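Work through the exercises below with the coordinates open. Try each task before reading its solution.

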Amino acid sequence: MRKIFFTLSFGLLFLSCSNVYYVDALLGNDANSGTSPNEAWASLNKVNASIFQPGDKILFKSETTYFGQLEPKGSGTKENPILINKYGKGKKPAIHGKGQKLHTLLLHNVEYWEISNLAITNTGNGRLAHRRGVIIRAENFGDCHHIILDSLEIHHVNGSLVKKDGGGSAILWQNSGEDIPTRFIDLVIQNSYLHHCGRNGINSKGNTNRDKWFPSTGVIIRNNVLEHIPGDGIVPIGCDGALIEHNILRDFPDILSHEEAAAGIWPWSSDNTLIQYNEVSGHKAKWDGQGFDSDFNCIGTTIQYNYSHDNFGGFLLVCN
């Protein structure tokens, strides 16, 4: 399927095309065009070797399995984001990183992407620091717009349980840049199921120095279920106006050492964070272990309409 968009600028006519690409590990072939189910590609390598254009869609066949990393390239636009999703009936297509890299899905210096309905694992031979299921990274990029993760299942990521070593998590977003101030705008993580990941669920790294304050905006984390994750659940860092709502965090396994501090939902170096309508239960960290936390270098944190129960550290920690 091909769509054609026309743009008129300074008297010149620019032509851009968008396509729907199909990927089927069972019946596809990388020599195919990829532009119909009967001409589907077969591998992640073929996807990773392509540079996608605004409006493109990459659809993975339901019930198929892939081994390796998904590292898509190219950027969409506000009017025409690039989509990854599944086609056909059945289970989400599964991508198993097998611990070969620190990520299974990587979005690096791209924007206007919407990724839905994938199952992702990243299990190596042993726990490893910085291992994630998904990494979203922008470096010396400027404003990185509109990254949406929707209806994913991320599980069995055996990252390190030691925070000072770098830990590990289901999802990490990270923005940095000494040459070009960089941040995320409209980053959304929603409707996803994260489980059996170490150390953390959803965490981030961003601009935390008030002398170089350049916070991410429009960050939304909502309607997710996190369970069997021992450490920190959801931690926005370097944000302004992050919204964390309608998430369920439960059944934190008691496997952290006594030296590890962790809690359910808490901002760090973020302003005007709104945390509401969440349930956190069963956190078993021996140090902290609260359901919620208003932490360091934050202004204007609001924690309201939440439910906390059966957490080793109680309901709320406040750090100044």
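Two strands count as paired if DSSP finds at least two bridges between them. The model is predicted.

**Exercise 1. Find the partners of strand β9 and state in which sense they pair.**

Step 1. Take strand β6, residues 94–96. Three bridges link β6 to β9, in the parallel sense. Opposite Thr121 of β9 stands His96.

Step 2. Take strand β12, residues 153–158. Here too β9 pairs in the parallel sense, over three bridges. Opposite Ala119 stands Glu153 of β12.

Step 3. Check the cut-off. At least two bridges are required, so three bridges qualify β6 with β9 and β9 with β12.

**Exercise 2. Give the strand order of the open five-stranded sheet and identify its edges.**

Step 1. Read the order: β7-β10-β13-β16-β20, with parallel pairing.

Step 2. Find the edges. β7 (105–108) and β20 (234–235) each have a single partner strand, so one side of each lacks a neighbour in the sheet.

Step 3. Look inside the sheet. Strands β13 (residues 168–176) and β16 (residues 200–205) run parallel and are joined by five bridges. Ser169 has Asn200 of β16 as its bridge partner.

**Exercise 3. Which residues of the largest nonpolar core touch the most other members?**

Step 1. The largest core holds 52 residues.

Step 2. Name the residues. Phe60, Ile154 and Trp173 touch the most other members.

Step 3. Look beyond it. Another core, of five residues, lies apart; among them are Val20, Ala40, Leu59 and Tyr87.

**Exercise 4. Which residues make the nonpolar surface patch of about 290 Å²?**

Step 1. List them: Phe315, Leu316 and Val318.

Step 2. Val318 is found in strand β31, residues 316–318.

Step 3. Test its exposure. The cut-off for exposed is over 50%. Val318 has a relative accessible area of 61%, so Val318 is exposed.

**Exercise 5. How many disulfides does the structure hold?**

Step 1. Count: zero.

Step 2. Check Cys319. The nearest cysteine sulfur belongs to Cys298, 9.5 Å away.

Step 3. Cys319 is partly exposed at 28% relative accessibility, whereas Cys197 is buried at 2%.

Conventions
Residues numbered from 1 in each chain as written. Predicted model: local features only at pLDDT ≥ 70, side-chain atom pairs only at ≥ 80, totals over all residues. Heavy atoms only, no water. Core = buried A, V, L, I, M, F, W, Y, C linked by side-chain atoms within 4.5 Å. Buried < 20%, exposed > 50% of the residue type's maximum accessible area, 1.4 Å probe, protein only. Helix = DSSP H or I, 4+ residues; strand = E, 2+ residues; numbered from the N terminus. Patch = residues over 30% accessible without salt bridge, like charges linked within 9 Å, V, L, I, M, F, W, Y side chains within 5 Å. Areas by Shrake-Rupley, 256 points an atom, 1.4 Å probe, with all protein chains shown as cover. Salt bridge = Lys/Arg side-chain N within 4 Å of Asp/Glu carboxyl O. Disulfide = S-S within 2.5 Å.
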